[in-house]
Amino acid sequence: MESHVASLPARRDPALVAPTPTAAFRVLGPLTLTTGADALVLPPSKVTCLLAALLLHPDEVVSVATLQQAIWGDDPPVSARAALQTCALRLRQLFQRHGLTANVIRTVPGGYRITAGPQTVDLMRFRELAGRTRAEPEPETELATLEEALALWREPMLANVPSEALHRDVVPRVGEERVRVIERLCDLKIGLGRDRSVLVDLWAATRVYPANERFAAKLVEVLYRTGRQADALTELRRIKEHLGNELGVGPGAGLRRLELAILRGEAPTPVVTTTSRPAPPTPVRPPAAGFVGRAALCRTLADRLRGGTRIVVLSGLPGVGKTALAQHVAGLVADDFPGGVWPVEPDATDASSPPTPAGRRLLLADDVADATLARRLPALLSPGDVLLLTSRPSLSALVARLGGWLHRVEPLDRDEALDLLGVALGPDRVRAEPRAAADLAALCEHLPLALRIAATRVLLRARMTLDEAAEWLRADPIGRLSLPGDPEMSLAGRLDGALARLGDALADAFLRLAAGAPETITVPGAAGLLGVDPARARELLDDLVDQSLMEEAADQYRIRDLLRRHALGVAGRRPTPDRVKGTLG
């Protein structure tokens, strides 16, 4: 599809044609390097894969493991680390040949970073334009800005980049950003009564995204409303056949109702899409029922938020209670934010972000997966607003770059853990068996999630004493710290999710360390166990600390017992392949 859809004229963005020796890179199409009036479509190669991986995370540190995955996929060579350095050298040489002195590939601890900005990378420019429309009150201006953003696209995205990992994991996510912008553009045109123009957009969009029922429904509605009943029914047949043949599913309830209305000859539904954005939910004070402990930390966090610290990050291992802590503190300071407490999705490109009311707001973003998403969130902040994030990774680079405060949330102390058991089981029961209650809390490693699950399972066994409960849990702590029917109330499920986000290289390192390392892990010991040099071992250990799966003190590393037990179970179900040494090296 040319441009974003066939109806949009191809525009030449002056910000992407620089007269100085600064490169402009296009990733929203074939990977292209432009300098002045010259454009070079890069040939498929490992160097091209490296450049694409860096540009898809512009001006951010991209880890060695991520780059190796982008270049070699799941089966990197034993010499992958040295080969990656060679690719980086060749990329720098390519820049030098084209006189690109302003664009540099930097080697930084843990990976590489390319200097980039909206004037040099079309993806950053696209996001800048899409983000600009969130506060735009004039529909015509918003429409023009969205058209300018969509005109940056040239299909197919990264067609010359032979990276299965990028096309599987990153390209679809970027494509979803484009889908949301097209949807908003179509809503604006429908609201402005531009049926003829939006028909062209929707025809093209439904062919590029043939399984998107929202585009199909909009197209059918406009066709039917403009008197083209036969064409509307044809489009309904197309989407039904595609869903059935390609996905093995039927159309959703909305399309079924629409088809029935057309077959019955009912009057076309009046246009309800307007040029204004849907009203967001009324801000409410987050619930904090059953919250226990962390009084000093809550006071510190509340003071930070009230004092206007722009970004506050709460990180920590799965199940440590980051979300509950954030919600509780938000409730404590809600009266200090007249604009309200607003939950926001981690993907800040969503057009339905909170509006800017009179008064500063507290924005809550829960379980932010990585720095790529986190860096988009500050764009939502108006003057005086504060952003409170929870995340398993530390997001330390975000705080260092943009300013703020971060805190690694630790498990509860002994007394707090007993208080939490008392809330769940009843204080009399805990006081009656203090030693057993302490044993039960220790088996849960004082993790709030584990404590709540254990208490719930004990409540279901009314005749079980706490001493018997502790012995029962000791026999299989990972298997028994789970409640049926809710993956979120499963310690193993939370840990599986954390491992899945690591990438193969780091996950394999964690599993091998958990299986073979002693309780106290040193850099030389990890290097020997993983078969890598000490510098690489330190990188892997530090990455695991950053992901909250390890703890570090005085150059010694430790894996918590519950995490180690879970890792042993995972390793038993998934034999570590022989290639892991090459992956880590």
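**Entry 1: a helix pair.** I began with helix α9 (residues 213-225) and helix α10 (residues 229-247), which pack at an angle of about 165° with their axes 7 Å apart. My helices (H or I, at least four residues) and strands (E, at least two) are DSSP runs, numbered from the N terminus. Axes are lines fitted to C-alpha atoms, for helices over the stretch in contact, and angles run from 0 to 180 degrees between N-to-C directions. So α9 and α10 are roughly antiparallel to each other; angles under 35 degrees count as roughly parallel, over 145 as roughly antiparallel, 65 to 115 as roughly perpendicular and the rest as oblique. On the α9 side I found Glu-213, Ala-216, Leu-219, Val-220, Leu-223 and Tyr-224 making the contact, and on the α10 side residues including Ala-232, Leu-236, Ile-239 and Leu-243 (contact means heavy atoms within 4.5 Å). Sorted by class, this contact of α9 with α10 has nine nonpolar, one polar and four charged residues. For the classes, Ala, Val, Leu, Ile, Met, Phe, Trp, Tyr, Cys and Pro count as nonpolar, Asp, Glu, Lys and Arg as charged, and the others, Gly among them, as polar.

**Entry 2: what I'm working from.** This is a predicted model, where local features need pLDDT of at least 70 and side-chain atom pairs count only at pLDDT 80 or more, while totals for chains, interfaces and linings use all residues. Residues are numbered from 1 along each chain as its sequence is written, and side-chain values use heavy atoms, with hydrogens and water left out.

**Entry 3: another helix pair.** Next I checked helix α16 (residues 414-425) against helix α18 (residues 434-443): their axes come within 10 Å and cross at roughly 105°. That makes α16 roughly perpendicular to α18. Arg-414, Ala-417, Leu-418 and Leu-421 of α16 touch Ala-437, Ala-438, Leu-440 and Ala-441 of α18. The class count here is seven nonpolar, no polar and one charged.

**Entry 4: the five-strand sheet.** In what order do the five strands of the open sheet run? I read it as β8-β9-β10-β7-β11, with parallel pairing (two strands pair if DSSP finds at least two bridges between them). At the edges I have β8 (341-343) and β11 (405-408), each pairing on one side only. Neighbouring strands of this sheet are turned by 15° against each other on average, direction ignored. Strand β7 (residues 311-315) joins strand β10 (residues 386-391) over five bridges in the parallel sense, and Ser-315 stands opposite Ser-391 in β10. I also saw helix α13 (residues 322-333) lying across β7, β8, β9 (362-365) and β10, at about 160° to β10.

**Entry 5: the three-strand sheet.** This open sheet has the order β4-β6-β5, with antiparallel pairing. β4 and β5 stand at the edges with a single partner strand each, so one side of each has no neighbour in the sheet. Strand β4 (residues 62-63) is held to strand β6 (residues 111-114) by two bridges, and Val-62 sits opposite Tyr-112 in β6. Strand β5 (residues 105-108) pairs with β6 over four bridges, with Arg-106 opposite Arg-113. β5 and β6 form a hairpin with two residues between them, and Gly-110 in the turn has a positive phi of about 90°.
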